[in-house]
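Here's a quick briefing to read alongside the structure. Take a look at the chains first, then come back for the details.

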Amino acid sequence: MLFAVLSGFLLATVAPWLHRLFGRHSGWALGALPLGLFMYFGSFLPEIQQNGPLVIDYPWVPGLEIRLSFLVDGLSLLFAMLISGIGFFIISYAGRYLESHRDLARFYVLILAFMASMLGLVLSNNLIALFVFWELTSITSYLLIGFNHEDEDARKAALQGLFVTVGGGLALLAGLVMLGMVAGSYELSEILTQGEWLQAHPWYLPIVLLIVLGAFTKSAQVPFHFWLPNAMAAPTPVSAYLHSATMVKAGVYLLARCYPGLGGTQTWLFLLGVFGAITMLTGIVMAVRSTGIKRVLAYSTVMALGTMTMLIGLGTEKAILAAMVFLLAHALYKAALFLLAGVLDHGAGCKDFLQTGGLRRAMPISTLIAALAALSLAGVLPLFGFIAKELLFEATLQAPRWAWLFAFAAWSAAILVVAVAAIVGIRPWYGAPVQTPIPAHEAPPAMLLGPAVLALLGVFFGLFPWVIAYGLLEPAASSVYGQPISLPLALWHGFNLPLLMSVLSLVLGLLVYRYWDQLRAQTALLDQWVRFGPERGYEAAMQAMVRVAHWQTALLQNGYLRYYLMATLLSTVVLLLAALALNASAVQFYFDLSGVMLHEYVILAVLLAATVMAVTTRSRLGAVASLGAVGFGVALIYVLFSAPDVGITQILVETLTVILLVLVLFRLPRFLGLTSTALRVRDALIALTVGGTITLLMLSTISTHYFDSISSYFIENSQPEGYGRNIVNVILVDFRALDTLGEIFVLALAAVGVYAMIKLRADRLKKGES
Amino acid sequence: MAFVVGGLYAAAIYMILRRSIVKLVIGLVLLSNAANLLIFTLADMSRGAPPLVPLGALQPAGAVADPLAQALILTAIVIGFGVLAFAVVLIHRAYEVVGVDDMDKMKDTDT
């Protein structure tokens, strides 16, 4: 199982070489993997039918309780088979569709990685692993949407999709971590059995809100729906894949997956039901309003996602089953239609429905496939879409609350869906032939195979629904619902209310199609309103972010060393003083002057005076001289307080420093009065504050020892182990010899640097002279 | 002692905040002295007890000053000198190339 999930990533890494090896047949060659995976996942079906869900476990980060475990049940298998099955058609199709594209190899890498991420997402049993795969799909889809990266629209759309989905992903992560904390486990198979405990917990509401937010952004629910139609900037095979089986269905998957643990409450019903219904209506209205082929399909995907969200929100046995049936039906016809949109683009150069018409003669097979897929979309007897539609009506009519409202919304949407189906299935193919940008011709077999098989499956499942119902849909619905569901699917449900609604929607939908052009003109006002929609909000937010970034950069990265220092120092001081003030009772200031001798006072006074002199003098030589005085004063302190070695070193170094400064300083300019008095006072205040804080700190910590110094070890072992009587020496050259080696390196490096800079100048001068 | 270290820190920071790059160097020297003294003071100060082992003995007689802090400071002094030498020559070079001593002006001359 681990290998099956990761095989997509593995193949992605070698895809460019395989592409070179197989040339134009690489689509078929690489498509073999999804096909194999499809069969592999299919082989699990009988087993889980008999033994129930299967958990396959690999340790990953044992310390953090993150396991790479996979949950194989009806729901994950349904998704996994859709992903791999449609993936096969997409990859083989893309092999021809993007044949002449120079970045085809890159496309293979991305789409395979994307497929593997999706598989990991739907199969993960661990919340953290699920989240990692979730983000991987966001990132790979970003790269796929922006595949034509030289196109600015594509880049913008990709970024938009990324921001929206990753923003939701952040909410999701918070929700998942809270869920894991409440449930006491990060394994889905353990969490989902604790539904009652979860729903009674005070954190239930935030958890649901956060997870639903993540799912809504991914699945393009209102008000996050705007990124999906924009994502149409991607190449057609990508759109087909993202829309039919994968990316956007990830949110639906998550909601379905969480249903046993979180679903069934009023909150759940309200959130998912209402937002789903609104999304459904918004999506389909926008679809009818659009004319671009892919845009119409994209908005109808928004509608389908809304429908599924609503059905999962309703949460009845029937609604869950309807959601699963609808999911499968939608995946089949939507993939077929998107691939056909690519065929239209490829074979006739059309990207807009207004440019098309009468292509039936030039592209007979495409016409047939389009008709089948569109009939399934419209939900016409005897196609699979009809069953989905009947179940949808039944489920909404039996909704636990607001049943009539949901049913009416579903029915209104269905009318417009019929109109969209007619636009897609009739408009390009029938009627008077229109001059197309390139002479219309039928697409090659590799591009027709996918849509043909998918459309025929729609017919087949419609005629023989029990084939798929028993093997795949019932286990899937059961694992969502939490208990076995067995509802025989049948094409014919008898004369009842749903059938009446279905027929009425067909008639009204065709009427809408008949007056499509007038309708669009009439509702042009809507476009004005849409411009103020959530996309506007997104753009405003992005601009605000850029402005804040500018302002912040200007403020913090201003290029003045002293402002950086001031910020650092002052925040340190404030934090330290605050800590001191808060713990005032525990702090003892150690202040004892009794043991200080007179000559020590003199040295300290000289030291301070020299410091003041070094700071205030306007003469460079004076400054250097006082600096030397400070250094020798410090050396005296070392000598007086039992550190002869340090003292000797200090004296040597101080001498060298003074010589060096004297040598170099006189090649540098005189001190200039660069700053005003006010600034000097401000800087002096800052400096005094820092110095004062250090003093306070020293007074308070000087008597504090949290643990024994390791010095005692060095003192005891210096002679026995290191054979040296000068302990400081032994530490430097024996116990801490590596540190000393590092020190020597630093010095050598500095020496090389100094030498190089002086040498460089000498050469330059020589050249200038000659 | 604490007051001296605090004073040294204050002076060093004041110098570092100046615009003249030569003053920055002086500030650095003061700062390294201040830091060394800080470490030295925080390890217990004791008079006339250098960390030496008498001839022929295995342990020092009686308590001695903390040798670890001294070793640290010794290293720090030498490194501080290396850094200083490098900085001084670097500044000298920069001054030759750029021709200004004012850090605010150097900021804009990186072309």
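Which residues touch the most other members of the largest nonpolar core? They're Phe107(A), Trp227(A), Leu262(A) and Met324(A), in a core of 207 residues. This is a predicted model, where local features need pLDDT of at least 70 and side-chain atom pairs count only at pLDDT 80 or more, while totals for chains, interfaces and linings use all residues. Residues are numbered from 1 along each chain as its sequence is written, chains are lettered from A in the order in which they are written, and side-chain values use heavy atoms, leaving out hydrogens and water.

**Nonpolar cores**
- A nonpolar core is a set of buried (under 20% relative accessible area, 1.4 Å probe, protein chains only) Ala, Val, Leu, Ile, Met, Phe, Trp, Tyr and Cys residues joined through side-chain atoms within 4.5 Å.
- Leaving aside neighbours within four places in sequence, Met324(A) is in contact (heavy atoms within 4.5 Å) with residues including Leu75(A), Ala256(A) and Val480(A).
- There's also a second, separate core of 71 residues, and Leu607(A), Val624(A), Ile77(B) and Ala85(B) are among them.

**Where chain A meets chain B**
- Chain A brings 90 residues to the contact and chain B brings 80.
- About 7900 Å² is buried between the two chains, with carbon and sulfur atoms giving 76%; buried area is the accessible area (1.4 Å probe) that two parts lose on being put together, summed over both.
- On the chain A side, Met698(A), Arg725(A) and Met757(A) lose the most area to chain B, together 8% of what that side buries.

Technical notes:
Buried means under 20% relative accessible area, exposed over 50%, partly exposed in between (1.4 Å probe, protein chains only).
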